[in-house]
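Thanks, everyone. I have a few minutes and one structure to walk you through. Please have a look at it before I start.

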Amino acid sequence: MPEELIFKDEEGNENEDDVLIMGEFNEWNPVSMKKTEDCVFYHEVYVIGGYKYRYQFIINWEISIDESMPFDESKTGRTTNYILVSQPLPSDLSELPSL
């Protein structure tokens, strides 16, 4: 199921060229987010429902979170954003999109 993760540059820094995202959905490997004209960065991920997925952003080479989105501390003490995907896994696994 696709989920869209968004980071909005509240400071309106139009010079911000690249925001990376990493999380449990991609084994914490940073990838670039797409940027809109109004400084909104977004990334679509495919995840399985019924789980909590943790993620962080890399902005200006520093690991960061978006404090306007849900966040908490992981078991390892790392502060991360998270998304709860509530739709459970379909009983027929053939319904999952192929990656």
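Start with arginine 54. Its relative accessibility is 13%, so it counts as buried, since the cut-off is under 20%. Keep in mind that this is a predicted model.

What does arginine 54 meet in a salt bridge? Its partner is aspartate 72, and the N to O distance is 2.6 Å. Arginine 54 sits in strand S6, while aspartate 72 sits in strand S8. They are 18 residues apart in sequence, so this pair ties those parts together.

Arginine 54, remember, is buried.

Lys52, Arg54 and Asp72 form one network, joined by salt bridges that share partners. The count for the model is two salt bridges. As a general point, side chains of opposite charge can pair when their charged atoms come close.

Next, the nonpolar core. Which residues have the most contacts inside the largest one? They are Phe25 and Phe57, in a core of 15 residues. Several strands supply at least two core residues each: S1 (2–8), S2 (19–23), S5 (40–46), S6 (51–59) and S9 (79–85). The largest share is from S6, with four residues. In general, nonpolar side chains tend to be buried together in soluble globular proteins.

Take a closer look at phenylalanine 57. Leaving aside residues up to four places away in sequence, its contacts include Ile6, Phe7, Val19, Leu20, Ile21 and Met33. It also touches Glu62, Ile63, Ser64, Ile65, Asp66 and Asn81.

Last stop, a hairpin. Strand S4, residues 34–35, pairs with S5 in the antiparallel sense, over two bridges. Lysine 35 stands opposite phenylalanine 41, which is in S5. Four residues lie between the two strands of this hairpin. Which residue there takes a positive phi? That is cysteine 39, with a phi near 60°.

That is my tour. Questions, please.

Conventions:
Residues numbered from 1 in each chain as written. Predicted model: local features only at pLDDT ≥ 70, side-chain atom pairs only at ≥ 80, totals over all residues. Heavy atoms only, no water. Core = buried A, V, L, I, M, F, W, Y, C linked by side-chain atoms within 4.5 Å. Buried < 20%, exposed > 50% of the residue type's maximum accessible area, 1.4 Å probe, protein only. Contact = heavy atoms within 4.5 Å. Salt bridge = Lys/Arg side-chain N within 4 Å of Asp/Glu carboxyl O. Pairing = 2+ DSSP bridges.
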